[in-house]
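Hi everyone, thanks for coming.

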Amino acid sequence: MQKPNKRLIGQTCIVTGSSSGIGSAIAKSLGKEGANVVINYHSDKEGAEETAQWICDNEKCGQAIIVKCDVSDEADVKRLFKTAVATFGTVDVLVANSGIQIDHPLHEMPLKDWKKVLGINLTGQFLCAKEAILEFKRRGMRKEVSNSLGKIIHMSSVHEIIPWAGHVNYAVAKGGLKMLMETICQEYGPEKIRCNSIAPGAIKTDINKDVWGNEEGREKMLKVIPYKKIGEPDDIGSVASWLASDESEYINGTTIFVDGGMTCYPGFTQNG
Ligand code: BGC
């Protein structure tokens, strides 16, 4: 993990889906920057507690609280923001990270699994972004902590540009996120709200453990990664805290791919 930089002192960050994996690593990384962190979970209470404890036990970190919420439910999302504001006074950074995969070939995809993935991975990010923008505007500029009115980071995927057979609901949600992020940038940039995405490639988390968790899967995965390394959640955590800080102030409306080169068509290495 990177050394603490203290770039987010006095700021409050909501990280959705931060009970495990990439979300947990991001929450810890933001905490180490001095931020107060709102840990959100849906079902993994223990994981959320572990993440919050890690932050609270580290005296160099900001504070942490835990809020259970289903990001696809508007009333729940409103409650998440209300709790954050009641506890810490405002929200400065949203990392909309919650995401799931329910995979089927398209012709076998039940409508409920299409809706569930779109509901969490796309609608959930819209609902959180909407509440974040409302809170940024309500609170107004705080130049003493940041040059931006607020920062939104969407957790996308390499599959916002790489089509993914057998995962159409997931790929469509991530493709939609690209337009959500870019439209927010265009619409709210003039108010000094910064909106960007991080697009991870293959990162070792529970979502893809069925692949990297065995030798055969690992080898297949490495074939599509020019850098020949499967990523770790901390690889995303360090990028997220930089992107939330004023060090990246002029970056707006961009997707940052953190993928070991997966988006550079490795299939063409000895082909085409
Ligand atoms: C998916 C993972 C997958 C990776 C690269 C991510 O967005 O959640 O399951 O390994 O993309 O394909």
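So let's begin with C264: it's exposed, with a relative accessible area of 58%. Exposed here is over 50% relative accessible area, buried is under 20%, and partly exposed is in between, using a 1.4 Å probe and protein chains only. A quick word on the source: this is a predicted model, where local features need pLDDT of at least 70 and side-chain atom pairs count only at pLDDT 80 or more, while totals for chains, interfaces and linings use all residues. Residues are numbered from 1 along each chain as its sequence is written, and side-chain values use heavy atoms, with hydrogens and water left out.

Staying with cysteines, C195 is buried, at 0% relative accessibility. How many disulfides does the structure hold? It holds 0, with a disulfide being a pair of cysteine sulfur atoms within 2.5 Å. For C195, the closest cysteine sulfur is in C185, 7.2 Å away, so that's too far for a bond.

Now the sheet. It's an open one of 7 strands, in the order 3-2-1-4-5-6-7, with parallel pairing. Strands pair if DSSP finds at least two bridges between them. Strands (E, at least two residues) and helices (H or I, at least four) are DSSP runs, numbered from the N terminus. Which strands stand at the edges? Those are strand 3 and strand 7, residues 255–258; each has a single partner strand, so one side of each has no neighbour in the sheet. From one strand to the next, the twist averages 20°. Angles run from 0 to 180 degrees between N-to-C directions, and axes are lines fitted to C-alpha atoms, for helices over the stretch in contact.

Look at strand 2, residues 36–41: it pairs with strand 3 in the parallel sense over 5 bridges, and V38 sits opposite I65 in strand 3. Helix 3 lies across strand 1 (12–15), strand 2, strand 3 and strand 4, and runs at about 155° to strand 3. Helix 5 packs on the sheet too, touching strand 5 (150–155), strand 6 and strand 7, with its direction at about 165° to that of strand 5. Contact, by the way, means heavy atoms within 4.5 Å.

On to the inside. A nonpolar core is a set of buried Ala, Val, Leu, Ile, Met, Phe, Trp, Tyr and Cys residues joined through side-chain atoms within 4.5 Å. The largest one has 30 residues, and I14, V38, F81, L94, I152 and I184 touch the most other members. Elements giving it two or more residues include strand 3 (64–68), helix 3 (74–88) and helix 5 (168–188). Which element gives the most? Helix 4, with 7 residues. There's another core lying apart from that one, of 29 residues, among them A27, M155, I198 and A240.

Buried or exposed? S98 is buried, at 11% relative accessibility. Leaving out residues up to four places away in sequence, S98 touches T16, G17, N40, V71, I120, N121 and Q125.

Last, aromatics. Rings of Phe, Tyr and Trp (its six-membered ring) pair if their centres lie within 6.5 Å; planes under 30 degrees apart are stacked, over 60 edge-to-face, the rest tilted. That gives 2 aromatic pairs. W164 and Y170 are edge-to-face, 5.6 Å centre to centre with 65° between the planes. Y265 and F268 are edge-to-face as well, at 6.1 Å and 80°, and both are exposed.
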